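Subject: Structure handover, side-chain contacts

Hello,

Here is the structure for your side-chain work. My notes on its contacts follow below.

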Amino acid sequence: MGITHLAKLLAERAPGAIKEHEMKLYFGRKVAVDASMSIYQFLIAVRQDGNVLTNEAGEVTSHLMGTFYRTIRMIENGLKPIYVFDGKPPDMKSKELSKRTERREEAEAALKKAEEEGNVEEINKFNRRLVKVTRHHNEECKQLLTLMGVPVVSAPCEAEAQCAEIVKCGKAYAIGTEDMDGLTFGSTYLLRHLTASESKKLPIREYCYNKILEELQLSKEEFIDLCILMGCDYCESIKGIGPKKALDLITQHRSIEKIVENLDQTKYPIPENWQYTDARRLFITPDVTPGEELDIKFPDVDEEGLVQFMVHEKGFAEDRIRNGAKKLLKARQGTQQGRLDSFFKAVPSPIPKNKAKHEKENSKNSLKKVKGGGVSKKTPKKR
């Protein structure tokens with residue numbers, strides 16, 4: 001889920017912290033990709049006749065097709081993805097996971113009704129809601145990525161937290177995910193739409209953590225408290241407090257403790273046994289493998305291994321898999337030269353036409369002054 005409505009709040013209150021770029025701008029950059037989020041996207045998006053893709057044996061292959069082709073797209077654009085997989089969820093997430101289970105049960109009942117009525121649109125909608133990334137999906141994608149020459153990291157707990165750790169220690173430039181809590185964990189940069197379908201033509205949306213703090217005028221700790229107030233996976237939020245109200249309260253009181261002291265609890269009742277301090281601790285000191293202990297290497301592309309796994313075991317067409325392997329090999333050779341950081345510095349915005357015209361006229365007037373040997377004299381007006 002991430003942080004409720006954080007993207008919308010930042011678009012309104014911290015627009016200067018958000019940039020949009022073409023993927024190729026990140027040539028040579030290493031990006032820590034939230035694997036589970038990406039696989040979930042592939043299971044949702046890579047479909048045929050409204051259903052997930054399967055091979056002749058009836059095995060789901062949407063996650064493999066999405067991982068294969070969209071990872072190739074990243075590498076062809078010069079990115080160096082590092083896929084990070086979830087470990088055991090923290091105990092504090094159990095309530096959120098229980099809610100998700102309840103929502104799945106509701107979706108299953110609604111799907112059954114839609115199937116009885118023959119409502120295709122509703123069937124497709126509830127089928128998507130029932131999508132779940134399993135351990136089997138993860139293990140298959142790990143195997144595929146290794147054969148593709150892409151490093152895989154298994155997090156002890158939350159993948160977003162591990163991604164942020166990889167970024168903060170300097171082993172990657174940004175997190176690639178749709179969940180905004182990568183910023184709550186303190187990632188320097190967060191990239192959205194990285195694994196979106198190419199047909200959607202979505203630009204990469206980049207969020208700059210330090211710029212967010214600057215524009216919202218918050219410290220790291222205050223930003224974490226803001227995210228908890230808005231709604232996160234680890235504890236309940238206060239009913240009636242939306243993103244704008246949450247920001248106003250943090251700006252005024254600077255901490256959840258001070259907010260609770262001054263809040264009208266008849267209007268905004270505090271959740272019973274509200275564990276916001278534990279949620280705060282999880283964001284500040286998450287369970288991660290320290291970045292300096294990770295030996296992240298990019299293995300060679302194993303074309304024959306890819307053919308064995310994707311063609312002979314999973315039923316993909318051999319010519320497509322070999323063609324993909326060749327694209328990987330070619331792209332890897334192109335990125336070995338590295339990158340020049342100066343190429344990635346922000347380009348100043350173009351001067352508006354009216355401003356450019358004004359500056360041009362000023363330049364001409366200055367030139368006349370120089371040629372005339374001084375400041376031009378004004379002709380006295382007739383009275």
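K142 is buried at 17% relative accessibility, where buried means under 20% relative accessible area, exposed over 50% and partly exposed in between (1.4 Å probe, protein chains only). Its salt-bridge partner is E139, with the closest N and O atoms 3.5 Å apart. A salt bridge here is a side-chain nitrogen of Lys or Arg within 4 Å of a carboxyl oxygen of Asp or Glu. E139 is partly exposed, at 41%. Both residues belong to helix α6 (residues 135-147), three residues apart, about one turn of the helix. Helices (H or I, at least four residues) and strands (E, at least two) are DSSP runs, numbered from the N terminus. K142 has a second contact to note: its charged end sits over the ring of F85, 5.2 Å from the centre. That label needs NZ of Lys or CZ of Arg within 6 Å of the ring centre and within 35 degrees of the ring normal.

Before you go on, the ground rules. This is a predicted model, in which local features need pLDDT of at least 70 and side-chain atom pairs count only at pLDDT 80 or more, while totals for chains, interfaces and linings use all residues. Residues are numbered from 1 along each chain as its sequence is written, and side-chain values use heavy atoms, with hydrogens and water left out.

- E178 and R192: the closest N and O atoms are 3.6 Å apart. E178 is in the loop between β7 and α8 (181-184) and R192 is in strand β8 (residues 189-192), so the pair ties together parts 14 residues apart in sequence. Both ends are buried: E178 has 15% relative accessibility, and R192 has 17%.
- E318 and R322: the closest N and O atoms are 2.9 Å apart. Both sit in helix α15 (residues 318-335), four residues apart, about one turn of the helix. E318 is partly exposed at 35%, and R322 is partly exposed at 22%. Shared partners join E303, E304, E318, R322 and K326 into one salt-bridge network.

Aromatic pairs

How many aromatic pairs does the count come to? It comes to seven. Rings of Phe, Tyr and Trp (its six-membered ring) pair if their centres lie within 6.5 Å; planes under 30 degrees apart are stacked, over 60 edge-to-face, and the rest tilted.

Take Y26 and Y173. The ring centres are 6.1 Å apart and the planes stand at 50°, so this pair is tilted. The two residues are 147 apart and link distant parts of the chain: Y26 is in the loop between β1 (18-21) and β2 (30-34), Y173 in the loop between α7 (159-168) and β7 (174-176). Y26 is buried at 2%, and Y173 is buried at 17%.

Then Y234 and F283. Their centres are 5.2 Å apart and their planes are at 55°, so this pair is also tilted. Y234 is in the loop between α10 (220-230) and α11 (243-253), and F283 is in helix α13 (residues 276-284), 49 residues apart. Both Y234 and F283 are buried.

Best wishes
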